[in-house]
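I opened the model today to look up helix packing first, then the pocket. My entries follow.

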Amino acid sequence: MSDLLERLRDRGWRLTAQRRVVAEVLDGDHVHYTADEVHARASERLPEIARATVYNTLSELVAIGEVIEVSTDGRAKRYDPNARHAHQHLVCSRCGTIRDVHPSGDPLANLPETERYGFTIADATVTYRGTCPQCASA
């Protein structure tokens with residue numbers, strides 16, 4: 001489960017009502033909402049929250065490293081609060097559902113030295129693609 005609210009409190013981030021509701025919407029396992037989905041869910045809790053406030057809050061959360069911005073296959077960006085635990089993503093090629101996965105092994109180790117071309121590799125992102133059970137049965 002995401003511990004986003006606790007992390008934000010620990011870093012002393014000012015939690016206005018609007019920021020708090022955005023963080024609450026993002027809290028949970030396998031959360032990968034678009035900004036519009038975050039706004040819709042936040043509006044259920046705080047009807048007066050502006051779309052711009054949601055976008056600005058998401059941008060701030062990404063900038064401070066508390067949320068990961070996930071882009072897949074030209075679809076709308078999604079926001080992942082699971083920024084503190086190493087993981088990769090499993091994406092449905094049909095509906096765009098995203099799940100966090102934790103494969104064994106180090107993706108950096110899978111790139112041989114001869115394929116690094118002198119780069120000092122700092123990070124590797126692997127996205128697994130397939131069809132989710134709901135789309136496969138449709």
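I began with the α3 and α4 pair: α3 passes α4 in a right-handed crossing. My rule for hand: a crossing is left-handed if the near helix is turned anticlockwise from the far one by less than a right angle, and right-handed if clockwise. I looked up the spans of α3 (residues 35-45) and its geometry: the α3 and α4 axes lie 9 Å apart, at an angle of about 120°. Axes are lines fitted to C-alpha atoms, for helices over the stretch in contact, and angles run from 0 to 180 degrees between N-to-C directions. α3 and α4 are therefore oblique to each other. The classes I used: under 35 degrees is roughly parallel, over 145 roughly antiparallel, 65 to 115 roughly perpendicular, and the rest oblique.

A note on the source. This is a predicted model, in which local features need pLDDT of at least 70 and side-chain atom pairs count only at pLDDT 80 or more, while totals for chains, interfaces and linings use all residues. Residues are numbered from 1 along each chain as its sequence is written, and side-chain values use heavy atoms, with hydrogens and water left out.

Next I took α2 (residues 17-26) against α4 (residues 51-63): their axes come within 10 Å and cross at roughly 70°. α2 and α4 are therefore roughly perpendicular to each other. Their crossing is right-handed.

Then I listed the elements. I have five helices and six strands, where helices (H or I, at least four residues) and strands (E, at least two) are DSSP runs numbered from the N terminus. The order from the N terminus is α-α-β-α-α-β-β-β-β-β-α.

H87, Q88, D123, A124 and T125 are the closest to its centre among 22 lining residues. A pocket here is an open set of points on a 1 Å grid over the protein atoms alone, where a 1.4 Å probe fits, with protein on both sides within 12 Å along at least five of seven lines; lining residues have an atom within 4 Å of a point. β2 gives the most to this lining, with three residues.
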